Amino acid sequence: MQRLTDITPEQVKYISQGLHDVLPEYSEDIILLARLSKIMQKLSANNSMYQFSSEEIDLIAMGLNDCCYVLDDILKDLDDCDIPEGREYRSQIESISEILSNL
């Protein structure tokens, strides 16, 4: 069983970056965009995952899951290039998403 304490400060940075990267995907949904922006502000002020409600945790997990799909598309388009940083970033995002989805 994984817990919020399993998320490291380094992973919190990945969460912030992943949410930032996926925001353009939600440009049509102003309410969702605002909620994710608020979550990102809270996360930048305090990197504790315990500050979030279960609904906010679900939104973070959703955003990170969507970020994986966006990254898959990008990495597929760049198939000719080997980008280890991109694969590592995607792996980290997926790992964190799984932790949050299983809480």
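**Close-up views of helix packing in a predicted model**

**View 1. Packing of helix α1 against helix α2.** Helix α1 (residues 9-22) packs on helix α2 (residues 30-45) at an angle of about 155°, and their axes are 10 Å apart. That makes α1 roughly antiparallel to α2 (angles under 35 degrees count as roughly parallel, over 145 as roughly antiparallel, 65 to 115 as roughly perpendicular and the rest as oblique). The crossing of α1 and α2 is left-handed, a term for a near helix turned anticlockwise from the far one by less than a right angle, with right-handed for clockwise. On the α1 side the contact is made by Val12, Ile15, Ser16, Leu19 and His20, and on the α2 side by Leu36, Ile39, Met40 and Leu43 (contact: heavy atoms within 4.5 Å). These residues divide into 7 nonpolar, 2 polar and no charged; Ala, Val, Leu, Ile, Met, Phe, Trp, Tyr, Cys and Pro count as nonpolar, Asp, Glu, Lys and Arg as charged, and the others, Gly among them, as polar. Axes are lines fitted to C-alpha atoms, for helices over the stretch in contact, and angles run from 0 to 180 degrees between N-to-C directions. Helices are DSSP runs (H or I, at least four residues), numbered from the N terminus. Residues are numbered from 1 along each chain as its sequence is written, and side-chain values use heavy atoms, with hydrogens and water left out. The model is predicted: local features need pLDDT of at least 70 and side-chain atom pairs count only at pLDDT 80 or more, while totals for chains, interfaces and linings use all residues.

**View 2. Crossing of α1 and α3.** The angle between α1 and α3 is about 65°, with the axes 9 Å apart. That makes α1 roughly perpendicular to α3. This crossing is left-handed. From α1 the contact takes in Ile15, Gly18, Leu19, Asp21 and Val22; from α3 it takes in Ile60, Gly63, Leu64, Asp66, Cys67 and Val70. By class there are 7 nonpolar, 2 polar and 2 charged residues in the contact of α1 with α3.

**View 3. The pair α3 and α4.** The axes of α3 and α4 cross at roughly 155° and come within 9 Å. The two helices are therefore roughly antiparallel to each other. α3 passes α4 in a left-handed crossing. Contact residues of α3 include Ile57, Ile60, Ala61, Leu64 and Asn65, and those of α4 include Gly86, Arg87, Tyr89, Arg90 and Ile93. The contact of α3 with α4 divides into 12 nonpolar, 4 polar and 4 charged residues.

**View 4. Helix α4 and its buried residues.** Helix α4 (residues 84-101) has 18 residues and reaches 25 Å from its first C-alpha to its last, close to the expected 26 Å (1.5 Å times one less than the number of residues). Its buried residues are Gly86, Tyr89, Arg90, Gln92, Ile93, Ile96, Ser97, Ile99 and Leu100 (buried: under 20% relative accessible area; exposed: over 50%; partly exposed: in between; 1.4 Å probe, protein chains only). Among what covers them are α1 and α3 (54-77).

**View 5. Arg90 in helix α4.** Arg90 lies in helix α4 and, at 16% relative accessibility, counts as buried. Apart from neighbours within four places in sequence, Arg90 is in contact with Cys68, Leu71, Asp72 and Leu75.

**View 6. Asp82 in the loop between α3 and α4.** Asp82 lies in this loop and is exposed, with a relative accessible area of 58%. Asp82 and Tyr26 are 56 residues apart in sequence and 29 Å apart in space, C-alpha to C-alpha.
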